[in-house]
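Welcome! Take a moment to look over the structure below, and then we can walk through it together.

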Amino acid sequence: MKITLAILTRIGQTIVTVFLLVTVVFFLLRVVGDPAELMVAPEASRDDIDALRARFGLDQPILVQYWNYLTGLVRFDFGMSMTQNQPAGEIVLAHIAPTLTLTVLSLVIGVPLALALGVVAALRRGKLIDIVATALATLGRAMPNFWFGLMLIIIFSVGLHWFPASGYGTWGQLVLPTVALSVMVVADVTRLTRSSMLEAAQEDYVRTAYAKGAGPARATVVHVLRNALIPVVTVVGLKTATLISGSIIIETIFAVPGLGWLLIRSINTFDFTLIQATVILIGILVVITSLIVDVLYTLIDPRSRDVAKS
Amino acid sequence: ACSPPGAGTAAQGGDGGDGPFEVTLLANADPPDFDPHTPGADEKANVVMNVFDTLTVLSPDLQETLPSLATEWAAIDDTTWEFTLRDDVDFSNGEHFDAEAVKFSVERIMDPDAEVARIGYSFPTLESAEVIDETTVRIHTNVPDPIFPERAYALDIVPPEYTSSVSESEFAMNPIGTGAYTLADFVPGQQIVLEANPNYWGEKPEVDRLIIKPVPEASTRTAELETGGADIIKNAPVGQIPELEAADGVHVEALAGRRIAYIGMNLLPGGEEALQDKRVRQALNYAVDVQLILDTVMEGYGDRTATVFRPDFTGFDPDLKPYPHDPEKAKELLAEAGYGDGLSLSIQFSEEIFASAGEVINALAAQLAEVGVDATIEVLDHPSYRSVVIDGQEANEVAPLFAWQWGALEPSADSLINGTLETGGVSAYYSNPELDDLTQQARQEMDITKREDLYKQIQALLKEEAPFIFLYQIPDVYGISDRVQFSPRLDQYVIAKDLKRAE
Amino acid sequence: MSDDVIVKVRGLNKQYRARGASGISRDLVHAVSDIDLDIRRGETLGLVGESGCGKTTLSRMIVRLLAPTSGSIEFDGSDVSSLRGSALKQFRRRAQIVFQDPYASLDPRTTVGESMAESLVHHGVGDRAERRRRVAEMLEMVGLQASHANRYPHEFSGGQRQRIGIGRALILKPDLLVADEPVSALDVSVQAQILNLLRDLQKELNLTVLFVAHNLAVVENVSDRVAVMYLGRVVEMASREEIFANPQHPYTETLLRAVPTAHPRNRRTVRLNLGEVPSPLNPPAGCAFHPRCEIARSGLCDREPPRLMPVPAGAADHQASCFLRAGEGAEPRTAG
Amino acid sequence: MSQRADTATRTKKRAEPESAFGAALVQLRRNPGAIFSVVIIVVVVISALGADLIAPFDPNQQDLSMRLMPPGSVDAEGHHRWLGTDALGRDVLSGVIHGTRISLTVALSAVVLGLGIGLLLGVLSGYYRGWIDTIIMRAVDVTIVMPFFLMALVLRIALGPGLGSIIVALGVSGWALYARLVRGEVLSLRNREYVLASQAAGANGWYIMMRRITPHVIPSLLVFASLQVGVVIVAEASLTFLGLGVPPDVPSWGTMLATGRDYLVRAWWVATFPGVAIVLTVLSLNIFGDWLRDVRDPKLG
Amino acid sequence: MTDTTLSEMSGSEGRASSEPVLRVRDLRTRFELPGGDFNAVDGVSFDVEAGRTMCLVGESGCGKSMTSLSVMGLVPSPGKVVSGEVLLNGRNIADLRPRELQKIRGSEVSMVFQQPLSALNPSYRVGTQIREVFTLHRDWTRAEQTEAIIARLRDVGMPDPEARLKAFPHELSGGMAQRVMIAMALACEPDVLIADEPTTALDVTMQAQILDLVAELQKSRGTAVVFITHDLGVVAEIADDVAVMYAGEIVEKTGVEALFDNPMHPYTKGLIKSAPLLGAAGERLVVIPGNVPNLADVGPGCRFASRCTARIEAGLTACESHHPQLREIEPGHSVRCWLYDDTAPVAGSGEEA
Ligand SMILES: Nc1ncnc2c1ncn2[C@@H]1O[C@H](COP(=O)(O)OP(=O)(O)OP(=O)(O)O)[C@@H](O)[C@H]1O
Ligand SMILES: Nc1ncnc2c1ncn2[C@@H]1O[C@H](COP(=O)(O)OP(=O)(O)OP(=O)(O)O)[C@@H](O)[C@H]1O
Ligand SMILES: [Mg+2]
Ligand SMILES: [Mg+2]
């Protein structure tokens, strides 16, 4: 009962956030300039530009445009793309799959790896393996990912011919971008796992476990790790959000036709409707992710469950 | 280059020699659509030029006008061209090609009520088309247009029945033409597949499939070519050309391209005071060492131009020499004009305006600095830069100096002058009645020698007036797999039927 | 002294909106329900009760650090329950509070002197020198040295910090001092020092004190009168002697029985079955104590909450909220 | 009753400001990673401050005849080019040294800007709660959901090119994180007894926020910020890579990396050295930040 | 349940009752910290016999918890047991290998902590956490385990134990959680139960119930209990023997009645007098002046010297320079104080001797 209420409230919040996002993006873009001028060929006449303006309703007062856009959204109509002769909504939907595939793959690979590294680093605190694992993780944060991506291409495509450098469609093509994205995941999750392991290891209940006769292995895995995972879930959730909205560079470098790629492309062509549609969709995905994280959180942390009981 | 395991791209399909021959071409991005009559010609060219035919075609150097759907043509009077059409041509959907199709296409282009913007601006002289019989069509122009047959290269013919039976957007995504290829598959962001048209009226091409893939990052395109993931890449970053030249299984083909790079000056009222003085403008031209930049930053590619005229332009004056690199002269002129103590100007550009723009502008700025002109660099993102320059005269946000380029498709300076120098041109920040007058005369002059003479006068005037810092013809550099034989065209189109298997 | 009431609380309620983990649950915690309470000028009123029964909530409302949900608080004859702005500030000059946790109640980044002088600053008392003088005076009064003003809290022990907290509360010379478990966090030896100090100061400054504690022995030691709270309500109120010698409410009896003995020879021999404190989220209907009460009568005690009534019937200065005990004037007392 | 023992444990765990500093110094000596990071940070700061004195060349000085010289070579005039030259014949070492200044200026200003906004709004949000909180937190959500590059592009266009707009773009997109962090801390601080004590003493909301809450938020905020400086350095490089960042004539690590990418195979040194500079700096900031946090929170130390 | 008989054999019957189950000899636990090194436990010795309760009292920070953790072999780093013996059923735990030590913890000796809610793992159900003890120490089937868990919960007076199995710790009140802790500690019927301030976090009514519970369970099982508290009331309620700690040392050790009737050490006296007692209303409390010394810089003398008024009254001079030893003054009553020691050196003699 209260759980449903909680979910409804979250959905309400989500709608508010998305509405604000739409509004902010809409007006921000209008600050920027007139897409009509940007879309026509340099050789076009002023009449052509005016015609274009009229076609996309850019000649109307901005509030009218905004109202029309909102009423369209309610009907799931994101407007026509200004550069591609298709509804923006359809275009965006067609680009979700690559982004989600990459995101999920890099999580599936990155998170377990990071957990393992983090746990080992925490257990062998101050030892060589800790230093190596933390250094690797930190390196993942320190390396600009476009540089890392290009390095991957030069080494594994051009040099070793192991994987194709770009594109989307085969498994081979997923390898390098997945690696490049996973590094971002591994970096943060390893560090957090390590520190949250160390923190959980200080808790009283771990002492209780030892007092019960548990050995270090059991105390660590059963008692420390389980609780250390709770903050990790939150960060993995946040990370997922950044992966979705932050894959722009990786998708550009590896020519993966996902949402980031689409965003950069629509930004470059000043396709307002397409930018809006992309941003809104990214926003929705991010918010859905945080919903999922909340649910996971409830599963993993019994304390957050008792909202339902009294 | 050997192929990566699991790459599974079609590029390898044709390696054997007898299987279907596939060629993979990498582009920056997907074209917005495939309608030949809407703007975006450059992005769409890879598809449009292969799927559609035009009345005439130009030779790769754009010098000669050759028959295509039209077998011959003649000027009937000052404002009428008559084209004789082939009678053995069908569109790929079976619809027959005839004079009606030409008329339909002309009217489609010129339709003022079209839902979407059409490319009427590419045909400033076009008035109407008149069907004489099935294989004869007359084109009426509003002013005498000596070069209409050349312009006809841009006039793609669409099938009337199909085109009018489907919606704008359906046509744009499922184009039907008479060309050597048909659009077989389009996965946005992944690939466009063109397949040889079995009913093509001309010679059967060697390439069975042309696959076009969008890869936004230039370094990645280079890598793909080197790994065998692609066969043709356009406009590799200049810095990577030597790398490509050295790579196995890959060669580089280059051509002085159709685009002319120059540094524009804001000479409109309200622009920079100092630049109003001709001597200052000339000094800037003396100050820069364009050849050195071409030899180094441009890795030896690109051809110096005296003004903005290409050698293939009507009336090109081979005797007019570029400004020499003469810093002393530059300083002198500056001193004469009262700027002996130096001058501060800012220079605007976007990285995408031409290849290696950042480095070229940097190098230019350093050279200007040597004569006491302190050029502050301002880089904009390409879209905003375009909106600043194009039609930005009223807003006057453009910097005193700005890097720009123009790529006339025809071997004529007309569109270039019209767009960048003639009073009121979309990106013109200059107004000179004399130039306007000469241009207008040349535009309407049917006599070729007189026309050539007018253009020579224009060139001399341009060099003297120096409304730009003249730079060079931007090179078109292609990286090509050794398995493909390809010779670049001045218009930058990759015409699949002209590609051959390497021996 | 005796009947001059300085604080008069009537029908006071405080409800908290308990937030769940997801931030949206709307459970109401009835931290304080329907409290009537008088504090007489110059007395020390002890307030006892178990953890979570609302002692802190009540005491913070009395000094208006919390706004009541409903009810009135009269201070010296005027209602202060809805004061705001400068009127509230003026009230605060006269009613001050000492907190429970000597570690959390001093800002670790502020010197002790500054912390003590803060209220002087806010009320515009004196100039710098004057304030410094008063801080020094107050430090000595609570048994520290004037030179301690420049130190930071971490340089002091818990007992010393609590002295500082008391000094800070008294520096404006308030009429009422609310001490919210001022010794609960301290070791016995230090607790004794603080209790003695409070007692001395009260005499010296003619203070009215509301002294909150959960330790009955402490309350007995300092109080003139005692109020016992259970689950948000005052269930019994009487003079110290009465409460300890003649407890009327069954809960008070329970509390007294649960106190550990003072000597091993007096050890309890029977096992106590005292039950669990219910959650204030959903307190039992009727008398909140009835599920644990040995004498509760169904149909009577589980209907509606009893109010404080004089017990034994007609007693002048002894009130308890128990239907059974209040009616004892008529019925003979049942259990012992 | 719980409080007595609570405080007993707390005194063991809590690091008090003064003693923490001494302990920090002691700890520094024991931690080679921290020493390494401090050394790098000092070097970076010195290069930023003294770039003009340290760098062997003007980083913008071009010589097209000396382009792409490998590290260690000696140029026509007999000067050592320790890290080689780039495509315009500029000295890579000098570029890296001067790049320090720009990258650090951009990163620090952006962090300070974001931190300022985040601190102010976070404190307001956490202290006042209610509708102020709701509004600010929705703004936080929107900022976090909004793709960073879109924001950067829009701001850049709105504010014009140049360092200023990048700083604003980076700063503005960071505020939400700080605001969230600050709000969380404020929520836990505002019910501390010493805050109530200040209220009881007659302090108004502004005084409490400025004097009783903000000073306690700042240390953990600074730890976070030291990590964030690294993030911003990388973000600046990424923006520049996408052509939305620092202008190409300004020697920042980002521009060097972005232009050097065309030469990764031919002249690896052009992009590698600025890349290494970024990695080392960010690495050090991370190690330093981690260490700061450990020192502040001895539970982990 | 063969275990019961086993533990009974080794516990109360198989051994002469004078033979203590737990003997602690000269235990010293040292912390080496940047701020200075100190012994949190400094030469502590005591014995606990089966079926008896030994109370360790003392103020916060005097080393009570460290003593108990040292006995368990669970001293947190950087602390270390540097000397002394802990003999559990005659075996010195310092000689045991880690695996053997693990076998002992939870089965022969177990512990209940002060904060019941934080001592339970928030992520697991109560039943699961008790079950873990059986998994570690007993070869039982799941059904047997469940049965035993329910039995233990019933023993500690948990209402509706079958349902409570499924509860998470945060769903329990402090008192309930402490019962779970006790059920868990007694699950394998250990010989020794160490309870470190198990009632400090609880309300009086709850405390009374827990104290009853411990006493009862101990009586029925013959367990030896080490009960740590700072509350003399609790001592009076539950102890057989008492050791008073001050600054890492035991300063007085005796039977509980003797302690209350005849406290000897000035500190113990102060402690007893400074606690307000029910029924002694309104009296001014006796105060021990001063503060507990910092363990890192205790002087050479008696650690209580600076706060001791008796020393001045008795005109003792040795206290500040000479460290007193714990001496048995009366049978079963030991005190660490020069007042009771004729061998007390006279001022200055320390240097001469
Ligand atoms: N800010 C708050 N929000 C929600 N509930 C609260 C809040 N403050 C207190 N409560 C609840 O109100 C009830 C009374 O709390 P209060 O702190 O007044 O009790 P107390 O008698 O002082 O307890 P203790 O002895 O533990 O200090 C408790 O159940 C508590 O959980
Ligand atoms: N992990 C630790 N690191 C450093 N010092 C510690 C640590 N744990 C305890 N100490 C110190 O050891 C001494 C003894 O601590 P212990 O916890 O045994 O005291 P206690 O008598 O149990 O006190 P309390 O009544 O507060 O529980 C104290 O001075 C304490 O400061
Ligand atoms: Mg309280
Ligand atoms: Mg302890």
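Two residues count as being in contact when they have heavy atoms within 4.5 Å of each other. In this predicted model, 44 residues of chain C are in contact with 47 residues of chain E. The area buried between chain C and chain E is about 3800 Å², with carbon and sulfur atoms giving 50% of that area. C:Arg267, C:Arg271 and C:Glu276 supply 16% of what chain C buries against chain E, more than any other three residues.

| Kind of link between chain C and chain E | Count |
|---|---|
| Salt bridges | three salt bridges |
| Polar contacts (both residues at pLDDT 80 or more) | 13 residue pairs |

One of the salt bridges joins C:Arg265 to E:Glu257, with the closest N and O atoms 3.7 Å apart. Which helices of chain C each supply at least two residues to the side that touches chain E? They are H6 (188–205), H7 (216–222), H8 (240–245) and H9 (250–258). H6(C) gives the most, with 10 residues. The residues on this side of chain C divide into 19 nonpolar, 13 polar and 12 charged.

Now for a sheet within chain C. This open sheet has eight strands with mixed pairing, in the order E6-E7-E8-E3-E9-E10-E12-E11. Strands E6 (95–98) and E11 (309–310) of chain C stand at the edges with a single partner strand each, so one side of each has no neighbour in the sheet. Strands E3 (residues 44–48) and E9 (residues 225–230) of chain C pair in the parallel sense over four bridges, and C:Leu47 stands opposite C:Ala227 in E9(C). Helix H2 (residues 85–94) of chain C lies across E6 and E7 (176–180) of chain C, running at about 65° to E6(C).

Notes. Residues are numbered from 1 along each chain as its sequence is written. Chains are lettered from A and ligands numbered from 1 in the order in which they are written. This is a predicted model: local features need pLDDT of at least 70, side-chain atom pairs count only at pLDDT 80 or more; totals for chains, interfaces and linings use all residues. Side-chain values use heavy atoms; hydrogens and water are left out. Buried area is the accessible area (1.4 Å probe) that two parts lose on being put together, summed over both. A salt bridge is a side-chain nitrogen of Lys or Arg within 4 Å of a carboxyl oxygen of Asp or Glu. A polar contact is a pair of N or O atoms within 3.5 Å; within protein, one must be able to donate a hydrogen and the other to accept it, and residues adjacent in sequence count only if both atoms are side-chain atoms. Ala, Val, Leu, Ile, Met, Phe, Trp, Tyr, Cys and Pro count as nonpolar, Asp, Glu, Lys and Arg as charged, and the others, Gly among them, as polar. Two strands pair if DSSP finds at least two bridges between them. Axes are lines fitted to C-alpha atoms, for helices over the stretch in contact, and angles run from 0 to 180 degrees between N-to-C directions.
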